[in-house]
Amino acid sequence: MSSVDHAKDLLVITCASGKQASALLPYLVKQWRRLRLVCHSPASEERLKNEYPEAEVIRTDLGLPKEPERILKDAAVIYHVEPPFAHRQAVMGFNMIDAARKVAKEGTFKHFVYASVLNTQLRKMIHHDQRLQVEEYLMESELNYTILQSTHFMFLFPVAPMLDQENPVYMANWNPNVPFSFLALSDLGEVGAKVLNERERHYAAQYPLVSDGPLNYHQICGMVSQEIGKQIQLKQKTYEESVQGFLMRLFGSLDVDPESVDAVERILLYYNRHGLIGSSNVCEWLLGRKPTTWLDWMRQEIAQIKQQHQ
């Protein structure tokens with residue numbers, strides 16, 4: 001039986017305005033009475049306050065060494081999401097774990113849920129190597145932890161532009177023949193809520209999370225083409241175009257610290273040759289159902305887009 005007290009336990013969620021937290025929060029707000037939502041920008045702060053008026057919202061920079069102690073004051077659990085490709089990302093994780101250890105010694109902290117990535121052993125990708133270091137540090141911290149290892153997200157495929165364009169063209173960031181496994185945000189949100197609510201059952205667990213795949217982008221464009229009744233032309237960007245596009249999407253600028261640029265460059269090189277592959281078995285076990293297929297997600301996405309345009 002879980003020790004979770006939904007009325008008293010303080011749950012902290014970092015990067016609370018991001019995609020992962022946005023998928024998680026709908027499963028939590030009706031049960032958890034004490035939420036502390038952590039974000040970075042004034043716009044995110046305002047949106048979270050409007051959307052979750054009962055929650056405490058903190059705007060901060062997770063890269064500041066002392067901020068984790070303030071973020072985790074009196075907390076019972078943290079769902080820790082880190083900004084993707086952030087400068088000194090591993091140190092960010094170390095600092096949060098150290099703060100959790102301090103709070104645990106004071107008697108309130110009970111569970112550290114770390115949002116990681118699939119196959120952190122693939123150390124050629126700096127992004128994965130940093131997450132691997134944080135996972136190791138967390139395992140040796142003597143905290144009760146759960147590690148959620150997400151694969152490539154389905155939402156990254158731009159369904160709306162394919163619907164809008166008369167002659168749709170998808171510009172792939174890497175070799176479209178290379179297969180990937182995919183995760184639906186809704187599946188991740190449901191799994192995250194299950195882990196938080198059941199607590200002890202998931203201590204010391206690492207969960208590789210995959211909804212569907214492996215699929216390559218020729219197969220994906222074929223499915224979308226059939227569904228929207230328009231043939232999608234598939235082209236591949238140059239490596240330089242892909243790097244610049246990633247940097248602009250992540251940071252809104254090409255003037256980015258060298259460590260973040262290196263991480264983006266490495267992951268694109270790796271994806272172009274190897275992709276990212278995993279099994280959906282663990283996700284199915286956690287959900288108690290078949291995970292969302294790429295085809296199901298795409299149909300839901302198309303239906304929502306069409307409804308918004310009515």
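Here are some questions and answers on how features of this predicted model get their labels.

Q: Which label does Asn119 get for its accessibility, and why?
A: The middle class runs between the buried limit, under 20%, and the exposed one, over 50%. Asn119 has a relative accessible area of 22%, so it is called partly exposed. Asn119 sits in the loop between strand 5 and helix 5, and its phi is positive too, at about 60 degrees, although it is not a glycine.

Q: How do you know whether the peptide bond from Gly213 to Pro214 is cis or trans?
A: Look at omega: it is near 10 degrees, and the bond is cis. For background, most peptide bonds are trans. Pro214 belongs to strand 11.

Q: What makes strand 2 and strand 3 a pair, and in which sense do they run?
A: Pairing takes at least two bridges. Strand 2 and strand 3 (residues 56-59) have 4 bridges and pair in the parallel sense. Val38 faces Ile58 in strand 3.

Q: Why is the unit made by strand 2, helix 2 and strand 3 given a handedness, and which one is it?
A: A crossover is right-handed if, with the strands pointing away from the viewer, the path from the first strand over the helix to the second runs clockwise. Strand 2, helix 2 (residues 42-51) and strand 3 form a right-handed β-α-β unit.

Q: Where is Leu37, and why does it get its accessibility label?
A: Leu37 is in strand 2. Its relative accessible area is 0%, so Leu37 is buried by the under 20% rule. Its C-alpha atom is separated by 33 Å from that of Gln310, 273 residues apart along the chain.

Q: What puts Val210 in its accessibility class?
A: A relative accessible area of 0%, so Val210 is buried. This residue lies in the loop between strand 10 and strand 11.

Q: What makes a set of residues a nonpolar core, and which members touch the most others in the largest one?
A: The members must be buried nonpolar residues joined through side-chain atoms within 4.5 Å. The largest such core has 41 residues, and Phe157, Val224 and Trp294 touch the most other members. Helix 10 supplies the largest share of this core, 7 residues. In soluble globular proteins, nonpolar side chains tend to be buried together.

Q: How do you know which residues line the largest pocket, and how many are there?
A: A lining residue needs an atom within 4 Å of a pocket point. For the largest pocket that gives 44 residues, with Glu82, Pro83, Pro84, Phe85 and Leu250 nearest its centre. The volume of the largest pocket is about 1,300 Å³. Helix 9 gives the most to its lining, with 4 residues, and the lining divides into 24 nonpolar, 15 polar and 5 charged residues.

Q: What makes up the lining of the second largest pocket?
A: It divides into 8 nonpolar, 4 polar and 2 charged residues. Nearest the centre of this pocket are Phe155, Leu185, Ser186, Trp297 and Glu301. Helix 12 brings the largest share of the lining, 4 residues, and the space in the second largest pocket is about 330 Å³.

Notes. Residues numbered from 1 in each chain as written. Predicted model: local features only at pLDDT ≥ 70, side-chain atom pairs only at ≥ 80, totals over all residues. Heavy atoms only, no water. 1 Å grid on protein atoms, 1.4 Å probe; cavity = no way out; pocket = protein on both sides within 12 Å on 5 of 7 lines; lining within 4 Å. Points joined across faces, edges and corners; volume = space filled by probe spheres on them. Helix = DSSP H or I, 4+ residues; strand = E, 2+ residues; numbered from the N terminus. Nonpolar A, V, L, I, M, F, W, Y, C, P; charged D, E, K, R; others polar. Buried < 20%, exposed > 50% of the residue type's maximum accessible area, 1.4 Å probe, protein only.
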